[in-house]
Amino acid sequence: MLGDNLNQHHWRTLERFLEIRSPWLTLIGEKFQDEQQRILDYWRVEKPDSAIILPMQNHQLLLPIPSYRPGLGKVTLDFPGGRIPSGQTPVMAVAAILQRELGIEASAISKLQSLNQEGWAINSSFSNQRLYGFSAEIDNQVTINPDQLGATYPISLTGFQNLLQDLTCLQCRNVLLEWWLSQSVSN
């Protein structure tokens, strides 16, 4: 059985030869011995977990003003998201993220749905970070500040396809696809 095979393939940590800590991440270098007794140097990054939220209002997906992404060297369109502060649950972080990125108060969220309870592993070979996805329906009476609103896309097949073309962030695309799939299955 697959489960039995998975338990037989443990790597053994021989030493941690580097650890560099910063407020954003910790870089770790380690030596491992694999199941074939090979000695391997391995590098990984530990980061806080993060959340991405799909805010919706009046049958539209709402996205904040595009941001510059140093890793890509360009401005990209992304859903609201961010790191989950230590001591907070993913659900607790949602309100702060929506407030920061779209000016949406917690009281304006009429329905919040978690798309995953355990979080998805992000690059599990290199990082221990997990991503939590949410959809948030915003009260139709709430006005979104146009200075914070970067784009809207209709919740329709065409809107979904156009948004997928415009999103470059794999994490944002994943949350959108998971949400779309959950809507397709429940309908």
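Mentor: Two strands are said to pair when DSSP finds at least two bridges between them. In this predicted model, methionine 56 of strand S4 (50-57) stands opposite leucine 61 in strand S5.

Trainee: How many bridges join S4 and S5, and in which sense do these strands pair?

Mentor: S4 and S5 (residues 60-64) are paired over two bridges, in the antiparallel sense. They form a hairpin with two residues between the strands, and asparagine 58 takes a positive phi near 50° there.

Trainee: Which residue of S8 is the bridge partner of alanine 51?

Mentor: The partner of alanine 51 in S8 is glycine 82. S4 and S8 run antiparallel and are joined by three bridges. Alanine 51 also stands opposite tyrosine 132, which belongs to S11. With S11, S4 pairs in the parallel sense over seven bridges.

Trainee: Are the residues of S4 buried or exposed?

Mentor: A residue is called buried when its relative accessible area is under 20%. In S4, eight of the eight residues are buried, so this strand is largely enclosed by the rest of the structure. Both faces are covered: one side carries Ser50, Ile52, Leu54 and Met56, and the other carries Ala51, Ile53, Pro55 and Gln57.

Trainee: How many residues in the lining of the largest pocket are nonpolar, polar and charged?

Mentor: That lining has 18 nonpolar, eleven polar and five charged residues.

Trainee: Which residues are the closest to the centre of the second largest pocket?

Mentor: They are Met56, His59, Glu137, Ile155 and Trp179, out of the 14 residues that line the second largest pocket. This pocket holds about 280 Å³ of space, and its lining divides into five nonpolar, seven polar and two charged residues.

Trainee: Which element gives the most to the lining of the second largest pocket?

Mentor: S11 gives the most, with four residues. At least two residues each come from S4, strand S9 (109-114), S11 (130-138) and H4.

Notes. Residues numbered from 1 in each chain as written. Predicted model: local features only at pLDDT ≥ 70, side-chain atom pairs only at ≥ 80, totals over all residues. Heavy atoms only, no water. Nonpolar A, V, L, I, M, F, W, Y, C, P; charged D, E, K, R; others polar. 1 Å grid on protein atoms, 1.4 Å probe; cavity = no way out; pocket = protein on both sides within 12 Å on 5 of 7 lines; lining within 4 Å. Points joined across faces, edges and corners; volume = space filled by probe spheres on them. Buried < 20%, exposed > 50% of the residue type's maximum accessible area, 1.4 Å probe, protein only.
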